[in-house]
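Please look over the model shown here. A short report on its parts follows.

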Amino acid sequence: MSFLKEIQRRRTFGIISHPDAGKTTLTEKLLLFGGAIQEAGAVKNNKIKKGATSDFMEIERQRGISVSTSVLAFNYKEKKINILDTPGHKDFAEDTFRTLTAVDSVIVVIDVAKGVEEQTEKLVAVCRLRKIPIIVFINKMDREGKDAFDLMDEVEQKLGLTVTPLSFPIGMGYDFQGIYNLWEQNINLFSGDNRKNIEETIAFSDVQNPELEKIIGQKPADTLREELELIDEVYPKFDRQDYLDGKLQPVFFGSALNNFGVRELLDCFVEIAPSPRPKESETRLVDPKEEKMTGFVFKIHANMDPKHRDRLAFIKIVSGTFERNKPYYHVRQKKNLKFSSPNAFFAEKKEIVDISYPGDIVGLHDTGNFKIGDTLTEGEIMSFKGIPSFSPEHFRYINNADPMKAKQLDKGIDQLMDEGVAQLFTLEMNNRKIIGTVGALQYEVIQYRLEHEYGAKCTYENFPVHKACWVKPDDAKNDEFKEFKRIKQKFLAKDKYGQLVFLADSDFTIKMTQNKYPSVKLFFTSEFE
Ligand code: G4P
């Protein structure tokens, strides 16, 4: 197959949702359709049920052994589908944000009864910012939930989207009869017990056809006709370009658990979802069709098996082909690296591959060369944009609890930060280290991993910070900036890239500081240019 065809047939995407909306179940059903797995229950739910560290450790251990869950790839209708796993737990939101830099589109899963939830709002906001094409899947139609129109209103208002339904439910909960597929114009009926089987589709291009009553009953048929009329009047016609530009979001309804409405979603997805898109670097826009390989690291996974201390760096290929044993240029480290065993991912396993294409994810064994955000090229000096750090929400001093193991502690902290587990800030004044995290859970994770992987012990101490603000003075030499640095010296730190950060204790302090030092700009993410 030609290089261009290989690019065009790739669909790399993420499924995002608030925990429990049905992301894992949907992923599994997509794999079933793709023939990638044979039975339900094969995909592990890596959810943290009680928020307990032991849960997390167990999950990490399982993942360490079978990291392939990070990327699930399969073929469907001649398309190569790559699903990137995104943790739903809010303490790992940063991990999900980073994964979103590597997807070309997303599917958002919403629970029909719960509607738009908090985590969905945050994740969709990031997708909108990046203009990532979004498809919405309203799940659990076999249960009583919100009215379909009300829910679409809620999606528009809370998520700031413009939706148009491409499938529509016939009834709901106890009365759920099936799905009218607006995209293919046919009806798919629900038998209530088709977790494994897919009911036959009844083609129905004209809903006025009196046969409809015979199949679904008079009242539901009347209701469906009215609803379809309303849809026609109220919602914009689906336009693929608008969807690709992030201006229009198609909506599908179904029940992932019962395997219902999933085929409609997948069939439409493979047709409309984008193949790998061009990506902005600091110097230029890189097109997937370019011959020379470029790619970037969006995730680093530690191997939790103590016998294998290496890590796996996940690279998204942006352009060209990635070949085994060919030297690539590590831009940050200014050196060439060769990889003898690059891994590609399939549904339940990983395998060494000779060649990968744009849109694919390659897993590279790493002994400490990579950081999240690193770029690989064939010699060009450039870096991909778009993996910013956000301000953490929790901040604590980290102290060494075993003076004999200071080196191990430093190494451990360094490596865990490279993996993106948390952010490290070093106070300017006294070089004390502060760990910033999105959730409290990470502190336990760090402590556990430092001890078990590096043999180092640490304790924490509270440090009352509300927000980390990245600092950029209009003029580093002016008196205002000098004054700012003098007055705020106790609260100034460097992040791991050496950027100056102001650790503010309240929103009020941030406002006061902005008023007092207008030429010193404060930013809430690390990437502000
Ligand atoms: P997540 O990855 O988004 O966190 O959600 P997950 O797929 O694990 O689904 C959360 C719960 O919702 C699961 O039940 C799952 O079986 C259920 N579920 C998913 N899709 C549907 C659906 O279409 N209809 C109904 N009625 N339920 C659905 P659980 O009891 O938490 O877990 P389990 O013990 O069944 O695995």
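## Ground rules

This is a predicted model, where local features need pLDDT of at least 70, side-chain atom pairs count only at pLDDT 80 or more, and totals for chains, interfaces and linings use all residues. Residues are numbered from 1 along each chain as its sequence is written, and side-chain values use heavy atoms, leaving out hydrogens and water.

## Domains

Domain 1 covers 3–170 + 239–277, domain 2 covers 280–377 and domain 3 covers 394–523. These bounds come from an automatic or database domain assignment. The centres of domain 2 and domain 3, taken over C-alpha atoms, are 29 Å apart.

## Where domain 2 meets domain 3

Nine residues of domain 2 contact eight residues of domain 3. Contact means heavy atoms within 4.5 Å.

On the domain 2 side that touches domain 3, five residues are nonpolar, one is polar and three are charged. Here Ala, Val, Leu, Ile, Met, Phe, Trp, Tyr, Cys and Pro count as nonpolar, Asp, Glu, Lys and Arg as charged, and the others, Gly among them, as polar.

## A cavity

The second largest cavity is lined by S389, Q423, L424, W470, D495, K496 and Y497. On a 1 Å grid over the protein atoms alone, a cavity is a set of points where a 1.4 Å probe fits but cannot get out; lining residues have an atom within 4 Å of a point. The lining has three nonpolar, two polar and two charged residues.

Note on methods:
1 Å grid on protein atoms, 1.4 Å probe; cavity = no way out; pocket = protein on both sides within 12 Å on 5 of 7 lines; lining within 4 Å.
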